[in-house]
Amino acid sequence: MPERILLVEDEAHIAQGLKLNLESEGFAVCIADDGRKAIERILRDEPDLVVLDVELPGLSGFEVCDRVRHDGSRVPILFLTVRDSEDDRIRGLELGGDDYMTKPFSVRELIQRIRAMLRRGSWYQETPRHGNVLEFGGNRVDFRAYKARTSDSEVILTQKECMLLKLLAEGEGRVIGRDEILDRVWGYDRYPSSRTIDNLILRLRKHFEADPKNPKHIHTLYGAGYRFTSAPTPAEPPSR
Amino acid sequence: MQYRRSFRHHFVIFVLLSFIALAQLSWWVIFQLNEGSRVTKLQHRIWTEQIRVASEQAGLWSERPRHELETWLQRVFPDLTLEEASGKIIVSAAAEKRLRRLAGGRVRMYVSEGAFFIFLLLTGIGYMYWVLRREILYEQQQSSFLSATSHELKTPITSLRLHLDTLIDRDLPKAQALDVLSTMRRDLDRLTDQIDRQLQAQAFVFGKRKLSLQPTDLTDETQFILKEISGRYNLKDLQLRTHLEPDVTVMADPERWQILVRNLLENAIKYSPGGGVLQVSLTRAGRLAQLHVSDEGVGFSQVECERIFERFYRIESEETRRTHGTGLGLYLVREIARSFGGSVRASSEGKGKGAAFIVEIPLAEEKRLA
């Protein structure tokens, strides 16, 4: 069954041109030409991926993304817009977008990004060897529900937090380098800086470590990457 | 959003500075009034002391004639005098009156100066607020314009590139390839239009375009644009009704008149997504040629009525707009009408209730007589 892409684009010429190209690549494409229709389609049809313009009649692409994320949709969203400022890119990603491309664009690059996003999505959907539930140090993480129960509370995890934790847990005991994280979690577009990974690791420690400053499960190996252990182990001595 | 934040930031600083300036002024007025009261009290203390010294002298001179004491008092303590009935030394009525006048004068001076300062300060504050607001609005419009221009230029370029890539990468059947090519031609037209409009606006802003007014038959020129527009746009939902009086001649530049009419018509078409009646009439009204363009489209509010002719002004937000444009079309209409010695005005019953534009240009005969 072909993967279904929802194309949210109000410029008819661009929408038709993209549809033609994506269908030639074997995708099934639907078009929504304004923000409200886009929300309705995303929530009702649950497409495999959304290509979302920002400047849309009535409701902007940013608002669409914000609302569908708020309603619990995890569909991969690729922003495709003429807005090319850093502020707009950051806003798009912060609101839950998974990738951001500016117009004019190369069709081949767009198709590769779409394929990479779908690949990451299917990797994430695969059941890891420990199942979809990970238990460690009094924490219980449900990768499918994006939820975790820690010793004192219940936490709703973001998609990126879940993907990173799943990647670390899959390679338990092994050092996972930054490049691998960028590749598996962010994929084709290496937009985020190393600082973004650090922040994500800090957030995971804050959720799951009893003392985030002395982590027992998510360790940093300076210059090499990160290592996860489900049984508590003392922090690694700094190494250069 | 960013501008709202920036305006709030400037406004807080501005209010703070105004508050400090007003507080400073109030403190100055209070200080001066207190100082006045202190001077009055001091004068009374001096008089009391003078009365004590003069009374001691009067005791020593009790045997001397009264006029000697009076002469001495006038020479040494001119503010004091001998009370007629009791013979006691008191402050003269004239000195008391002078002191009251001085104190009153000071209060009047401080109050009038204070009021003047407050007036100056408030005028300054008002002016600064007006300048700040204008600056921010202009900045906001410019940014919207940049964003709109970027959208208006990049969209056809994106479409052109997309279709070019498609033609290169895909092996399309001939009919489909021709469709793609015709889409590309429409994108190219859109891009050309946009660039033309930008250049026309720039020519007005920098006054580089030489104006050569000549007797122009507006009927012919308007008819020409009406034909062009009908051929170019798909007016299936719009019912076009025209009434053009023959031989309406004004002193104008025919090319500019065409731009004016084209912009008004495109504006009406753009803002009539639901169709309706588009009426265009050209008539003589007294000494004026009057072009009337009205639609049954989205309309605008009373507040927007004046602003729609401002350069870069757009009714919609750039993120959620339903129409193309950069906020130059109606600006050009106004500037062109003015360059012919005429004017333009807009009216609307409100949002969703259509809009009407009336352009008035003095007729050629009237101009020559004048």
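Author: Contact here means heavy atoms within 4.5 Å. Among contacts in chain B between residues at least 6 apart in sequence, 72% link residues at least 24 apart. This is a predicted model, where local features need pLDDT of at least 70, side-chain atom pairs count only at pLDDT 80 or more, and totals for chains, interfaces and linings use all residues. Residues are numbered from 1 along each chain as its sequence is written, chains are lettered from A and ligands numbered from 1 in the order in which they are written, and side-chain values use heavy atoms, with hydrogens and water left out.

Chain B has 9 helices and 9 strands. These are DSSP runs, numbered from the N terminus: helices are H or I, at least four residues, and strands are E, at least two. Of the 370 residues in chain B, 42% are buried (under 20% relative accessible area, 1.4 Å probe, protein chains only).

Now the core. A nonpolar core is a set of buried Ala, Val, Leu, Ile, Met, Phe, Trp, Tyr and Cys residues joined through side-chain atoms within 4.5 Å. The largest one holds 48 residues. Trp257(B), Leu260(B), Leu264(B), Leu291(B), Phe357(B) and Val359(B) touch the most other members. Helix α6 (residues 254–270) of chain B gives the largest share, 8 residues. Another core, of 30 residues, lies apart from the largest one. Among its members are Tyr124(A), Val141(A), Val185(A) and Ile201(A).

Methods: Buried means under 20% relative accessible area, exposed over 50%, partly exposed in between (1.4 Å probe, protein chains only).
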